[in-house]
Amino acid sequence: MTDKLVSKVLILDDGGDASLAIKQFCDESNLVGLKVRKNRLMAVLKSNIDLGAILYSENYGHTPDENADIVLRIHAIRPELPIILRRENDATLDGVNESVRRTFCAAYTLADMSGLKKVIDEYIFSLVYPNALVRGISEITDNILTNQFKQLAVQWDTPYIVRDRVIFGEVFSLIPIESSWCRGYMMLQTEEDAILSILNSHTTFPTSNFRDVNSLLGEITNLIWGGFKNRFIADATAIAANQIQVPLIVNHKHKYISFGTENPQLCFFYTLSDAATGKTVKLYQRFVFNLNWSPEDFKEIVQDTNELMATGELELF
Amino acid sequence: MAKILIVDDSSTVRDEVAGFLKDNGLDVATAVDGKDGLAKVKADPGLKLVISDVNMPNMDGLTMVEKIRGELKNTTINVIMLTTEGSPSMKERGKAAGIKGWIVKPFNGPAVLESLKKLVA
């Protein structure tokens with residue numbers, strides 16, 4: 001695996017020369033460029049697609065009116081996503097129609113892609129996530145999922161950064177992450193039917209219902225938090241007595257959750273597959289450090305291997 | 001009469017641990033949090049062993065152990081913590097409260113079965 005984080009960007013740009021330059025830029029900037037047919041654009045934006053930003057050409061619509069209409073609808077559906085405007089000659093938003101100007105966060109030109117790099121760094125890769133943290137989270141979670149679902153194969157994608165706030169599936173768990181160097185939440189999102197299907201094909205849980213899904217997701221969340229603490233938080237008593245909290249907003253209608261910050265989120269995606277039945281479960285894991293993020297104080301705990309007890313073993317006193 | 005009490009707010013863990021122990025011939029009861037566990041220890045003098053989570057709503061596992069030893073003055077029942085917690089400071093608090101052992105989740109039944117049987121013998 002790679003420790004390098006990536007992020008998906010939606011490219012709404014039909015220019016031939018631009019496509020090549022943007023593709024090269026994405027390859028060099030840890031971005032995964034996605035394209036979508038114009039007639040599918042709004043449907044895709046309403047679906048669960050983890051995005052960091054949108055690269056939008058000022059010529060994407062056939063007319064200025066159509067261009068304005070499209071970008072306003074994008075902004076209405078995904079207001080949290082930075083939309084970066086590609087212009088022919090001017091790397092500023094000067095002269096952009098006032099009705100749509102507020103929907104763009106910045107502009108760039110093909111002649112100077114360094115401007116786009118600055119915007120990407122500012123809006124997507126603005127928080128520094130230590131490699132040991134990213135790798136550790138993947139390893140902890142993979143280990144726990146493998147233990148919990150012994151009959152399933154666990155795969156995970158390259159960790160990535162998102163700015164959207166859309167909730168995947170029907171069920172999610174939240175647990176506060178508290179340490180002296182970070183404060184926020186871990187969130188697991190999944191689909192109820194997919195887990196139920198797996199549980200019901202497993203002899204231990206032949207008649208599972210949604211409460212079993214809730215309990216299982218809760219326990220997985222608990223186990224991951226425990227692993228996180230044991231690996232990244234030396235002493236729980238050292239947690240600063242900082243009790244600042246902000247309200248979380250969940251909008252069920254729009255499957256949207258806000259943590260009161262515009263910060264990008266650290267995201268992991270796991271797929272659990274049952275080779276016997278072909279069934280799969282998708283699990284999204286997001287870390288939102290909305291209350292404190294001080295990576296300069298981050299430290300991975302290296303324990304004396306002689307003192308380590310394997311999980312599940314009994315240590316008698 | 002039950003010999004082992006499983007205390008965990010997660011029904012997934014309760015089902016998993018209780019199912020394994022029952023399949024291996026042990027008598028098992030369950031409680032959903034420390035408060036419930038404390039009440040069941042008080043009500044059943046035949047209990048020989050408590051296997052408890054630490055982080056639970058209403059009453060945490062270590063507080064439950066402190067009350068079993070203090071309020072109930074039950075110093076004979078064995079208590080083992082089954083938890084995601086693994087920090088030395090947490091274990092020290094457990095030792096001070098009078099627990100017998102510590103298991104870091106996830107539960108590995110076959111690895112601990114013989115030890116558990118000895119504790120309820």
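Of the 121 residues of chain B, 42% count as buried, where buried takes 20 or more other C-beta atoms within 10 Å of a residue's own, exposed takes 12 or fewer, partly exposed is in between, and C-beta atoms are placed from the backbone. Keep in mind that this is a predicted model: local features need pLDDT of at least 70, side-chain atom pairs count only at pLDDT 80 or more, and totals for chains, interfaces and linings use all residues. Residues are numbered from 1 along each chain as its sequence is written, while chains are lettered from A and ligands numbered from 1 in the order in which they are written.

**Chain B overall**

- Chain B has five helices and five strands, and from the N terminus on they run β-α-β-α-β-α-β-α-β-α. Helices (H or I, at least four residues) and strands (E, at least two) are DSSP runs, numbered from the N terminus.
- The radius of gyration of chain B is 13 Å, close to the 14 Å from the globule rule for 121 residues, so chain B is as compact as a globular protein of that length. That radius is taken over C-alpha atoms, and the rule is 2.2 Å times the number of residues to the power 0.38.
- Along its principal axes, the C-alpha trace of chain B spans about 30 × 30 × 25 Å.
- Take the contacts in chain B with a separation of 6 or more: residues 24 or more positions apart account for 63% of them. A contact here is two residues whose C-beta atoms, placed from the backbone, lie within 7 Å.

**A sheet that crosses the chains**

- Six strands make an open sheet in the order 14(A)-5(B)-4(B)-3(B)-1(B)-2(B), with mixed pairing. Two strands pair if DSSP finds at least two bridges between them.
- Strand 14 of chain A and strand 2 (28-31) of chain B stand at the edges with a single partner strand each, so one side of each has no neighbour in the sheet.
- From one strand to the next, the twist averages 20°. Axes are lines fitted to C-alpha atoms, for helices over the stretch in contact, and angles run from 0 to 180 degrees between N-to-C directions.
- Strand 3 (residues 49-52) and strand 4 (residues 78-83) of chain B pair in the parallel sense over four bridges, and Val50(B) has Val79(B) in strand 4 as its bridge partner.
- Helix 2 (residues 34-43) of chain B packs on the sheet, touching strand 1 (4-7), strand 2 and strand 3 of chain B, and its direction makes about 165° with that of strand 1.

**The A–B contact**

- Chain A puts in 23 residues and chain B 24 residues.
- On the chain A side, the elements giving two or more residues are helix 6 (131-148), helix 8 (210-232) and strand 14 (314-316). Helix 8 gives the most, with 10 residues.
- By class, that side of chain A has eight nonpolar, 11 polar and four charged residues. Ala, Val, Leu, Ile, Met, Phe, Trp, Tyr, Cys and Pro count as nonpolar, Asp, Glu, Lys and Arg as charged, and the others, Gly among them, as polar.

- Pro106(B) is in the loop between strand 5 and helix 5 of chain B, and a cis peptide bond with omega about 10° joins Lys105(B) to Pro106(B).
- Phe107(B) is found in that loop between strand 5 and helix 5 (109-120) too, and counts as partly exposed because it has 19 C-beta neighbours inside 10 Å.
- Setting aside neighbours within four places in sequence, Phe107(B) is in contact with Gly312(A), Val13(B), Glu16(B), Val17(B) and Leu82(B).

**Positive phi**

- Most residues other than glycine have a negative phi, and most peptide bonds are trans.
- Asn58(B), though not a glycine, has a positive phi of about 70°; Asn58(B) lies in the loop between strand 3 and helix 3 (61-69) of chain B.
- Asn30(A) has a positive phi of about 60° and is in the loop between helix 1 (16-28) and strand 2 (31-34) of chain A.

**Domains of chain A**

- The domain assignment gives domain 1 (7-123) and domain 2 (131-297); such bounds come from an automatic or database assignment.
- The centres of the two domains, taken over C-alpha atoms, are separated by 30 Å.
- 11 residues of domain 1 are in contact with 10 residues of domain 2.
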